[in-house]
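Hello,

Here is the structure I promised to pass on to you. Please have a look at it first; my notes on what turned up follow below.

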Amino acid sequence: MFKSLAERFSFRRTSSVTADSNTRTLSEHTARLSGEEQYASAEDSTSNSLKKPDSLVGSNATSISAGPTVPLVGAGSDGVTRPILHDTAALVVSGVPRKSYDSKALPIRTDGSLDYDALYEDESDNDLSMESHGSVVTHLLSQVKIGMDLTKVVLPTFILERRSLLEMYADYFAHPDLFLRIADLKEPRERMIQVVRWYLSAYHAGRKSSVAKKPYNPILGEIFQCHWDIPELPTGDETSNVEVKDGPVPWCRRDQLTFIAEQVSHHPPISAFYAEHYNKKISFSAHVWTKSKFLGLSIGVHNIGQGTVTLCDLNEEYIVTFPNGYGRSILTIPWIELGGTVTISSPQTGYRADIDFITKPFYGGKKNRIQGEIYGPNDKKSFISISGEWSGLMEYKYNDGSKPSKFETFVDVNSIPIYKKKVRPVSEQDENESRKVWREVTAGLKMNDIEKATNAKFQVEQKQREEAKERKETFGEWDTKYFKGIGESWIYTTPLLHRLTLEKRDSKR
């Protein structure tokens with residue numbers, strides 16, 4: 001579901017990203033998005049020469065006040081004090097009253113406390129119109145430049161989605177049945193087709209709203225864990241489905257799909273995540289570095305990294321890359337699209353696929369279109385063509401004469417069920433787990449109390465800055481908990497294949 005992925009944005013309206021654009025190493029990132037910076041869409045044609053509004057800048061700057069705990073300067077993780085493009089929605093223009101909040105709209109437990117779990121499970125959302133925050137957005141735009149790296153820029157709180165980026169990655173498994181069926185197929189050709197089917201179904205669930213919103217940037221060391229039950233695909237029996245104590249979610253059973261994500265680096269921001277199903281002997285491990293840039297009236301995010309599906313019984317892998325994301329029309333009603341070419345390949349079988357996420361043309365055309373081709377080992381001509389919309393119906397046809405050459409349904413993401421992930425209660429979570437870390441920010445956003453959300457967000461980030469400063473002063477290093485870096489990749493420390501190998505070896509003793 002590999003936020004809002006959702007935190008993915010650019011300016012260009014063509015799919016000119018090359019096939020290898022998503023597989024470049026971390027050291028090659030500086031050349032990314034260069035082509036995107038020269039192009040404005042019809043929706044974004046309001047020019048980049050926005051002037052600073054008099055009410056916010058210059059002689060009238062004193063007419064803005066901030067909440068007492070929201071400074072406009074702060075120390076970065078490197079300890080350097082610099083201006084912060086702070087969550088300026090918390091700034092209050094003189095004479096403009098703050099919004100009142102109806103507490104009856106919030107879920108309350110019987111003991112009178114706020115039900116944070118219900119807050120996170122509530123997917124209803126307020127419509128977001130940047131026009132209602134025009135002065136804030138214009139002030140923000142006046143302080144950034146085209147091509148500027150947004151990694152250290154704090155964006156307004158009101159554009160945030162009520163969950164962490166780590167939780168958003170779990171949406172890759174919103175259709176866990178499609179993922180698990182990969183392991184059931186006998187032929188490598190059919191397995192490759194199913195990998196592509198699962199992969200293309202993975203993006204729509206992460207975009208819950210037609211309006212683009214940004215998930216929380218995870219803090220260093222943040223963790224998110226969840227699991228799925230798939231009753232339609234029973235495996236094992238009650239006696240054999242014991243808890244997998246050495247798995248990523250140790251309170252889950254062998255017949256459940258489990259997921260864990262960790263923020264392994266803050267600068268650059270790198271997330272690593274891993275999922276497995278013990279009984280099906282299948283796992284997925286990935287790492288993503290989100291590289292964002294300001295592109296005028298759009299935001300572009302390149303997802304640098306890759307993921308690997310592993311079929312443990314076959315010792316077979318499928319390596320996938322990720323599309324880029326673009327947030328358009330950020331001065332009006334922002335929306336998200338994906339763009340670029342991704343690849344899926346199996347080194348063991350030789351099957352591969354190229355998939356283009358096609359951005360909307362300048363005039364006309366549809367949003368969210370994809371075009372894909374699947375190739376056999378050493379083949380130059382594809383045996384399957386796929387087209388459609390990643391947010392709806394996708395169709396395919398055979399090109400090799402093995403079946404009638406007509407388009408049939410490949411997958412229709414709007415006609416198949418989304419399986420709800422299960423997360424343990426916030427009250428039982430560790431302090432560094434996503435929902436606990438961001439609970440007060442989430443509450444503030446749900447209340448539509450932007451000042452409350454901004455203050456809570458600042459407190460979370462300030463704590464991270466203080467910890468980074470302390471490590472720097474003591475020459476300490478951050479130690480990740482569940483993932484380890486190997487070269488420019490991050491892998492789960494105890495993957496299912498490794499544990500099964502050890503179990504098999506021990507059983508022979």
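**Overall picture**

The protein's secondary structure consists of nine helices and 21 strands. Please keep in mind that this is a predicted model. The protein has 509 residues, and 53% of them count as buried. Its accessible surface is about 22,600 Å², with 51% of that belonging to carbon and sulfur atoms.

I began with helix H5, which runs over residues 188-200. Is H5 enclosed by the rest of the structure or open? Because 10 of its 13 residues are buried, H5 is largely enclosed by the rest of the structure. The buried residues of H5 are Arg191, Met192, Ile193, Gln194, Val195, Val196, Arg197, Trp198, Tyr199 and Leu200, and you will find two arginines among them, Arg191 and Arg197.

Helix H8 takes in residues 450-473, 24 residues in total. From its first C-alpha to its last, H8 reaches 34 Å, close to the 34 Å expected at 1.5 Å a residue. Phenylalanine 475 follows H8 and has a positive phi, near 55°.

**Aromatic pairs**

The count of aromatic pairs comes to 23. One of them joins tyrosine 169 and phenylalanine 273: the ring centres are 4.7 Å apart and the planes lie at 15°, which is under the 30 degrees limit, so this pair is stacked. This pair links distant parts of the chain, since tyrosine 169 sits in helix H3 (residues 165-169) and phenylalanine 273 in strand E9 (residues 270-277), 104 residues apart. Tyrosine 169 is buried, at a relative accessible area of 1%, and phenylalanine 273 is buried with a value of 1%.

Phenylalanine 483 and tyrosine 492 make an edge-to-face pair, with 5.5 Å from centre to centre and 65° between the planes. Here phenylalanine 483 is buried with a relative accessible area of 1%, and tyrosine 492 is buried with 4%.

**A cavity**

Which residues line the second largest cavity? Its lining is made up of Val244, Pro248, Val249, Cys252, Arg253, Gln256, Thr258, Glu276, His277 and Tyr278. By type, that lining divides into five nonpolar, three polar and two charged residues.

Glycine 300 lies in strand E11, which covers residues 299-311. With 0% relative accessibility, glycine 300 counts as buried, the cut-off for buried being under 20%. Its C-alpha is 9.9 Å from that of leucine 338, a residue 38 places away along the chain.

Glutamine 371 belongs to strand E16, residues 369-375. Is glutamine 371 buried or partly exposed? At a relative accessible area of 28%, glutamine 371 is partly exposed. Glutamine 371 and serine 385 are 14 residues apart in sequence, and their C-alpha atoms are 7.6 Å apart in space.

Best wishes

Methods: Residues are numbered from 1 along each chain as its sequence is written. This is a predicted model: local features need pLDDT of at least 70, side-chain atom pairs count only at pLDDT 80 or more; totals for chains, interfaces and linings use all residues. Side-chain values use heavy atoms; hydrogens and water are left out. Helices (H or I, at least four residues) and strands (E, at least two) are DSSP runs, numbered from the N terminus. Buried means under 20% relative accessible area, exposed over 50%, partly exposed in between (1.4 Å probe, protein chains only). Accessible areas come from the Shrake-Rupley method with a 1.4 Å probe; for residues, only the protein chains shown count as cover. The expected span of a helix is 1.5 Å times one less than its number of residues. On a 1 Å grid over the protein atoms alone, a cavity is a set of points where a 1.4 Å probe fits but cannot get out, and a pocket is an open set with protein on both sides within 12 Å along at least five of seven lines; lining residues have an atom within 4 Å of a point. Ala, Val, Leu, Ile, Met, Phe, Trp, Tyr, Cys and Pro count as nonpolar, Asp, Glu, Lys and Arg as charged, and the others, Gly among them, as polar. Rings of Phe, Tyr and Trp (its six-membered ring) pair if their centres lie within 6.5 Å; planes under 30 degrees apart count as stacked, over 60 as edge-to-face and the rest as tilted.
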